[in-house]
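Have a look at the structure first.

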Amino acid sequence: MSTLLTLEEPAADGAARPNWRAFTEMGFRPLYLAGCFWALASVLLWVFAPARLTGVLSAMPWHAHEMLWGFVATIAVGFLMTAGANWTGRNPLRGAPLAALCVVWLVARGAYLAPGMTAFAIAAAADLLFFVWAAAALARAVWITRNRRNYGVPLLLLALAAAHALYLRAALAGDYLALMRYFNTGLLAMAVLTLLIARRVLPFFAKRAVAGLEIPPHTRSGHWQLGAGVLAIACLLAGAPRAAALLLAVTGVLALVQWLAWKPWAARRVPLLWILYVGYLGLGLGLLVGAAQLAGYVARPAWPAHVIGIAGFSVLIIGMATRT
């Protein structure tokens with residue numbers, strides 16, 4: 001019998017091979033994976049194998065540093081390298097330079113685990129280079145395109161880099177009070193950066209995910225919020241915790257006001273959206289816990305870091321990483 005119809009697909013000329021160049025075309029691809037993997041690996045080390053933390057930066061200082069600068073700030077850099085391309089129309093970092101930035105990040109993570117001052121110096125320098133390089137790449141894209149709205153974003157990355165350097169100096173000196181002050185400075189710099197990002201992306205996503213949803217821009221209150229956050233950072237560095245507490249409370253209250261104005265009940269049926277609302281709420285509450293701790297109403301200094309870090313940063317990261 002002759003064949004009337006063939007159901008097989010025609011043979012392709014050749015199967016498409018994976019293109020590794022695509023992996024380094026956008027910052028979120030390598031850095032989201034690296035940051036999320038390190039969050040899991042570093043917590044497992046901290047909980048189940050603390051004896052393996054033999055570097056100069058060990059125990060609690062290592063854990064705090066890696067959660068903030070090794071995990072959360074790494075995700076922020078990945079986001080900014082991607083969002084910067086949308087904001088400016090110019091990709092801040094791609095291809096071989098982005099791959100090299102990731103190698104620098106890997107060197108830092110490994111060197112902190114190795115014993116000796118040489119390894120510590122390599123790790124500290126690599127981390128500093130990572131943040132300064134990312135800030136410079138973003139600043140170049142912003143400056144060339146005269147994207148004035150984002151002139152301050154690279155400065156927040158530089159603030160993270162400076163807080164990192166001061167934190168490590170305090171750790172070497174064994175000065176616990178300075179260590180906590182600089183950690184809180186880095187935490188707050190990251191919080192201000194996150195508030196800036198969330199104020200843009202959350203209403204943008206919400207209005208497209210929920211038909212007919214209208215959200216006020218809150219531009220003026222957003223400026224007040226960012227201003228209060230930056231001043232709180234300055235007060236922390238100046239050793240004025242009471243003033244920092246007041247400014248932090250203002251920042252947190254404005255976050256909660258914005259959260260209510262974004263109509264969170266409208267997002268309840270969209271998981272990719274409501275998880276961002278939950279994270280933003282956690283961040284706002286965490287800032288209020290931080291204000292209470294600085295004012296002397298919360299005894300445990302780790303509480304603000306864990307509320308902001310877990311209820312705020314981590315939930316937002318889950319939402320954004322899952323979305324992308």
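Helices here are DSSP runs of H or I with at least four residues, numbered from the N terminus. Keep in mind that this is a predicted model.

With that in hand, which helix gives the largest share of the lining of the largest pocket? That's H7, with 9 residues. The lining counts 26 residues, and Trp87, Arg149, Arg200, Val201 and Phe204 are the ones nearest the pocket's centre. Besides H7 (176–209), the elements giving two or more residues are H2, H3 (59–88), H8 (219–237) and H11 (302–323).

Now for the second largest pocket. Its 21 lining residues include His63, Met67, Phe183, Ala305 and His306, which sit nearest its centre. Two or more lining residues come from each of H3, H7 and H11.

Here are the volumes and the make-up of the linings:

| Pocket | Volume | Lining by class |
|---|---|---|
| Largest | about 730 Å³ | 15 nonpolar, 5 polar, 6 charged |

Is Leu40 buried or exposed? Leu40 counts as exposed because its relative accessible area is 54%, and the cut-off for exposed is over 50%. As for its place in the fold, Leu40 belongs to helix H2, which covers residues 28–48.

Methods:
Residues numbered from 1 in each chain as written. Predicted model: local features only at pLDDT ≥ 70, side-chain atom pairs only at ≥ 80, totals over all residues. Heavy atoms only, no water. Buried < 20%, exposed > 50% of the residue type's maximum accessible area, 1.4 Å probe, protein only. 1 Å grid on protein atoms, 1.4 Å probe; cavity = no way out; pocket = protein on both sides within 12 Å on 5 of 7 lines; lining within 4 Å. Points joined across faces, edges and corners; volume = space filled by probe spheres on them. Nonpolar A, V, L, I, M, F, W, Y, C, P; charged D, E, K, R; others polar.
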